[in-house]
Amino acid sequence: MRVKEEYFLECSLGHILAGYNEIELSTSDPKIQIEAFAALLEFIIKSLRPGVISARIATERFNLIQKITGKEDIYSKERGQANKLAIELLPEAEAFVSSHKKGYGRFRAACLVSMIGNVMDIIPERLDSTVKISIENYRSLLKEARIVFDQTREIFDIIRKADSVLFLADNAGEIVFDTILVRESRNFCPEVVVAVKEEPILNDALLSDAIKVGMGKVADELIVTGSNTVGLFLKEVSPKFRRRFQETDMIVAKGIGHYETLTEEKLEKPCALLFSAKISQIADFLHVPLGSYVAMLLK
């Protein structure tokens with residue numbers, strides 16, 4: 001999804017906030033911090049133009065700060081903390097899903113749990129965007145959460161008929177909750193393969209994260225995309241991953257980054273997008289309140 005001019009100011013602020021956060025995490029040297037922040041501002045001014053995809057800016061911003069500060073895995077510590085917190089919350093999520101009837105009811109509950117995990121994003125895109133979750137308020141989230149844009153029935157029906165599903169993971173932390181959705185999908189689909197990023201990009205889950213949280217125990221296979229971009233640009237993935245993408249019957253993708261990029265691709269198969277609409281442009285486009293949970297199907 002391309003950024004419209006009326007959202008340029010908000011988009012710029014989001015990237016500046018995220019970039020500032022990345023600079024602080026990367027170095028404590030004031031000279032390097034100033035150099036990186038000046039480069040960040042110059043980059044934002046040059047890059048934000050009509051028709052740009054925000055995920056592309058986020059990718060290039062992250063790479064720029066990596067290069068200047070010399071810190072390769074900026075969110076390494078934060079990814080570990082997010083995984084740890086999510087694992088502590090996992091029993092609550094498991095109990096919530098198990099309280100629903102087997103079949104579509106349990107699948108839909110697993111989708112909701114997976115989408116709630118999407119609000120655990122540690123990267124600030126607005127001043128109030130980062131959500132700190134405890135066991136108590138997670139219980140409240142489970143109780144009160146609603147899927148406002150809900151195409152889970154259509155998604156479920158396609159998965160039931162598919163021979164293979166390719167699941168595109170998003171962030172560390174939320175990937176813990178994705179294990180439940182992958183497991184539930186495996187009850188109806190013979191093969192569910194989970195893809196993660198090969199190299200660090202923002203706080204996206206890496207293969208090491210997927211293994212640590214037990215995704216390898218529920219998925220038929222763990223693979224990497226062969227790229228380190230926010231979301232997925234099909235021209236930039238590895239030939240091996242592209243073949244898997246082309247051969248699978250169904251795509252399930254988590255997070256805003258995949259929404260921003262896959263809606264720009266000419267897909268030849270159904271693609272389910274699960275995320276929290278925590279960016280104004282996307283919420284407005286879908287006509288849902290900011291922060292709504294969205295389960296949409298691209299046909």
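Helices here are DSSP runs of H or I with at least four residues, strands are DSSP runs of E with at least two, and both are numbered from the N terminus. This is a predicted model, in which local features need pLDDT of at least 70 and side-chain atom pairs count only at pLDDT 80 or more, while totals for chains, interfaces and linings use all residues. Residues are numbered from 1 along each chain as its sequence is written, and side-chain values use heavy atoms, with hydrogens and water left out.

I'll start with the sheet. Strands of a sheet pair through backbone hydrogen bonds, parallel or antiparallel. Two strands count as paired if DSSP finds at least two bridges between them. Here 7 strands form an open sheet, ordered 1-7-6-5-2-3-4, with mixed pairing. Strand 1 and strand 4 are the edges, each pairing on one side only. From one strand to the next, the twist averages 20°. For angles, axes are lines fitted to C-alpha atoms, for helices over the stretch in contact, and the angle between N-to-C directions runs from 0 to 180 degrees.

Now strand 7, residues 292-298. How many of its residues are buried? With buried meaning under 20% relative accessible area, exposed over 50% and partly exposed in between, using a 1.4 Å probe and protein chains only, the count is 7 of 7. Ser292, Val294, Met296 and Leu298 point one way from strand 7, Tyr293, Ala295 and Leu297 point the other way, and all are buried. Strand 7 runs parallel to strand 1 (residues 147-150), joined by 3 bridges, and Phe149 has Val294 as its bridge partner in strand 7.

Leu274 deserves a slide of its own. This residue is in strand 6 and is buried, at 2% relative accessible area. Contact, from here on, means heavy atoms within 4.5 Å. Leaving aside neighbours within four places in sequence, Leu274 is in contact with Cys111, Met115, Ile155, Leu181, Val252, Ala253, Lys254, Gly255, Val294 and Ala295.

Helix 7 (residues 152-161) lies across strands 1, 2, 5, 6 and 7, at about 45° to strand 7.

Next, helix pairs. Two packed helices are described by the angle and the distance between their axes. The axes of helix 4 (residues 76-98) and helix 8 (residues 174-186) come within 8 Å and cross at roughly 35°. Helix 4 contributes Asn83, Ala86, Ile87, Leu89, Leu90, Ala93, Glu94 and Val97, and helix 8 contributes Ile175, Val176, Phe177, Ile180, Arg183 and Glu184. That contact has 10 nonpolar, 1 polar and 3 charged residues, where Ala, Val, Leu, Ile, Met, Phe, Trp, Tyr, Cys and Pro count as nonpolar, Asp, Glu, Lys and Arg as charged, and the others, Gly among them, as polar.

Helix 1 (residues 8-26) and helix 3 (residues 54-69) have axes that come within 10 Å and cross at roughly 25°. These two helices are therefore roughly parallel; angles under 35 degrees get that label, over 145 is roughly antiparallel, 65 to 115 roughly perpendicular and the rest oblique. From helix 1, Cys11, His15, Ala18, Gly19, Glu22, Ile23 and Ser26 meet Ser54, Ile57, Ala58, Arg61, Phe62, Ile65 and Thr69 of helix 3. By class, this contact of helix 1 with helix 3 has 7 nonpolar, 5 polar and 2 charged residues.

Last, two loop residues. Which backbone angle is positive in Leu202, a residue other than glycine? Phi, near 50°. Leu202 sits in the loop between strand 3 and helix 9 (207-212) and is buried, at 10% relative accessible area. His287 also is not a glycine and has a positive phi, about 60°. His287 lies in the loop between helix 13 (280-286) and strand 7, and at 73% relative accessible area His287 is exposed.
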